[in-house]
Amino acid sequence: MAKAFFRLQKFLRRTQFLLFFLTAAYLMAGSLLLLQRTRLVIQQGSRGTSLNQALAVPDEMAGVGIADPRAVQNPRPGARLLGGTDALQEPALDQRHSPRWLASRNSELRQLRRRWFHRFISDQEPMQTAGFKAMKHAAEHKGTYMGCFTDDSRERTLKGAVFYDLRKMTVAHCQEACAERAYTYAGLAYGAECYCGNTLPATASKPEECNSECKGEKGSVCGGVNRLSVYRVEELRAGARRRRNVIYRGCFRAPENLTDTFPASLIQPNLTVEMCSEFCSKKEFPLAVIRGQECYCGYPTGRFSLRDGADGLRCTRTPNSSSTAEGKYCLVYQTPVQDTRCTDRKFLTTKSKVFVALSSFPGAGNTWARHLIEHATGYYTGSYYFDGALYNKGFKGEKDHWRSRRTICVKTHESGKTEIEMFDSAILLIRNPYKSLMAEFNRKYAGHLGYATDRNWKSKEWPDFVNSYASWWASHVLDWLKYGKRLLVVHYEDLKQSLIPKLKEMVEFLNVTVTEDRLLCVENNRDGNFKRSGAKQKDFEPFTQEMKDLINRYILTVDEALRGRNFTGLPREYVPR
């Protein structure tokens with residue numbers, strides 16, 4: 001009996017201790033929750049504080065948290081990282097440009113890369129939101145609504161031009177884009193896709209089947225699934241109507257039989273460029289070809305590829321002849337119409353057996369190369385990161401998981417043994433480091449299409465940027481040469497100079513067969529949507545002599561490594577500046 005009583009007493013003591021412990025834990029948790037809520041209320045009530053106060057976070061806390069690598073597009077160092085690069089200070093001059101030193105520095109550089117784009121995306125969000133609101137209020141439907149029509153991707157009627165904006169598409173935006181390119185009709189589908197043409201779709205659908213809300217305009221309808229909301233585009237002012245986007249391509253030798261080469265033609269006394277361009281635009285052809293009083297419309301083809309231009313004097317009309325050089329030469333103009341023979345793209349129907357990387361240093365033209373590959377192969381490219389701006393403009397592979405193997409290749413700026421050995425093969429795109437550094441600095445401070453201000457270039461951030469990124473340019477190439485399993489090295493400058501031959505190499509490396517006409521279509525649409533307009537010239541040299549000496553040593557190191565692997569060395573224009 002005493003033994004049983006002792007056991008009961010022991011049990012009660014343990015229970016009492018346990019209850020005490022649980023009560024204390026409960027009170028502590030409640031206190032913490034109360035403090036957290038109080039802090040949240042204080043933060044919400046003090047949003048009027050200055051930006052500097054709001055961002056007064058200790059440096060050691062800046063990296064706290066776990067981030068998915070795809071959410072941190074193109075990692076890059078923020079201002080705080082670049083300002084405090086003591087850990088990345090260079091060793092002695094005689095050691096700091098060797099491949100061994102560059103390889104040892106990679107772990108530190110990868111830390112910079114993984115934070116590379118995070119601040120840029122955060123900074124852009126408020127601006128994009130503000131622009132979105134302004135656009136939403138300003139949008140007005142100017143055209144005539146023609147109805148809801150069936151959209152068949154295999155036999156699409158509105159195929160003159162295709163645009164995507166998966167975040168900010170509006171009816172007015174689509175209409176204006178089609179009007180600028182001289183089209184009669186604008187059609188919207190899936191809430192984000194815009195199609196232009198001069199002929200109405202054949203099959204009408206029920207009005208309620210166009211039920212997708214425009215991504216950039218609540219309350220407006222932008223088609224539906226396989227359905228188009230079609231508008232007749234309002235004409236632009238007469239003075240600005242027909243000269244828009246007509247580009248002179250040059251003087252070329254005329255093919256032997258123009259009627260067989262070009263599907264549409266017009267003979268018109270006193271023919272002008274405007275007349276021919278307008279005629280070909282209505283027929284939805286990207287080229288307007290003029291020989292004397294004759295106008296022909298068509299596409300670049302194997303019979304008329306626009307590769308070998310002639311002396312412009314041969315296309316000058318003589319007083320005694322209405323033709324150009326007795327009919328052997330013709331003038332060629334690019335109309336506002338988009339060449340759509342290569343704009344259709346899709347995901348791979350089966351998972352790729354070979355995992356291919358499209359690797360480059362930032363600013364080396366990776367986005368442009370993706371544009372070329374997608375239009376040449378007809379398949380989307382993926383990305384190790386996620387860039388909303390690229391996704392919104394039609395790079396649908398951005399949102400696909402980078403390891404899905406549903407894309408023809410995957411963009412990456414990563415280096416290091418582990419990151420490289422994940423891929424079975426890679427296209428390694430290399431660009432002049434001077435150009436790459438400037439392009440990435442522009443993108444960092446002004447987005448994909450803008451330019452950094454003179455204030456940015458003359459600030460302390462520019463030399464810090466060069467100091468950190470120049471070595472990354474070299475180590476990126478060296479790592480891929482060392483750990484890459486199967487490489488195709490492509491120099492940006494060669495791709496730009498000889499587009500078709502180099503693009504053929506890339507497509508063959510990806511094990512895809514394409515037609516000559518498709519490659520010519522890519523050449524006709526070579527710039528895509530991410531070319532900075534103009535070449536904004538600065539009135540000062542951004543690179544100091546010290547920067548040039550540093551970069552030139554890296555160039556020589558990379559050139560030697562390429563030749564050591566039996567690849568073509570760097571183009572001569574790289575060295576030295």
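The model is predicted, so local features need pLDDT of at least 70 and side-chain atom pairs count only at pLDDT 80 or more, while totals for chains, interfaces and linings use all residues. Residues are numbered from 1 along each chain as its sequence is written, and side-chain values use heavy atoms, with hydrogens and water left out. Helices (H or I, at least four residues) and strands (E, at least two) are DSSP runs numbered from the N terminus. Two strands count as paired if DSSP finds at least two bridges between them.

**The five-stranded sheet**

- Reading across this open sheet, the five strands come in the order S1-S7-S3-S4-S2, and the pairing is antiparallel.
- Strand S1 (144-150) and strand S2 (161-164) sit at the edges with a single partner strand each, so one side of each has no neighbour in the sheet.
- On average, neighbouring strands here are turned by 25 degrees against each other, direction ignored; axes are lines fitted to C-alpha atoms, for helices over the stretch in contact, and angles run from 0 to 180 degrees between N-to-C directions.
- Strands S3 (residues 185-189) and S4 (residues 193-197) run antiparallel and are joined by five bridges.
- One of the pairs to look for is Ala-186 with its bridge partner in S4, Cys-196.
- Helix H7 (residues 171-180) lies across S2, S3, S4 and strand S7 (227-232), and runs at about 140 degrees to S3.

**The six-stranded sheet**

- This open sheet has the strand order S9-S11-S10-S13-S8-S12, with antiparallel pairing.
- Its edges are strand S9 (264-267) and S12, each with a single partner strand, so one side of each is left without a neighbour in the sheet.
- Strand S8 (residues 247-253) is joined to strand S13 (residues 329-334) by six bridges, running antiparallel, and Phe-252 has Cys-330 as its bridge partner in S13.
- S8 also pairs with strand S12 (residues 309-310) in the antiparallel sense over two bridges; there, Cys-251 is partnered by Ala-310.
- S13 is joined to strand S10 (residues 287-291) as well, by four antiparallel bridges, with Leu-287 partnered by Gln-334.

- Leu-266 lies in strand S9 and is partly exposed at 24% relative accessibility (buried means under 20% relative accessible area, exposed over 50%, partly exposed in between, with a 1.4 Å probe and protein chains only).
- Leaving aside neighbours within four places in sequence, Leu-266 is in contact with Phe-279, Gln-293, Glu-294 and Cys-295, where contact means heavy atoms within 4.5 Å.
- Leu-266 and Ile-290 are 24 residues apart along the chain, and their C-alpha atoms are separated by 9.7 Å.

**Two positive phi angles**

- Most residues other than glycine have a negative phi.
- Tyr-190 is not a glycine, yet has a positive phi of about 60 degrees; look for Tyr-190 in the loop between S3 and S4, where its relative accessible area of 33% makes it partly exposed.
- Leu-306 isn't a glycine either, and has a positive phi of about 65 degrees.
- Leu-306 is found in the loop between strand S11 (294-298) and S12, and is buried at 14% relative accessible area.

**Helix H15**

- Helix H15 (residues 461-483) has 23 residues and reaches 32 Å from its first C-alpha to its last, close to the expected 33 Å; that expected span is 1.5 Å times one less than the number of residues.
- H15 is mostly covered, with 18 of its 23 residues buried.
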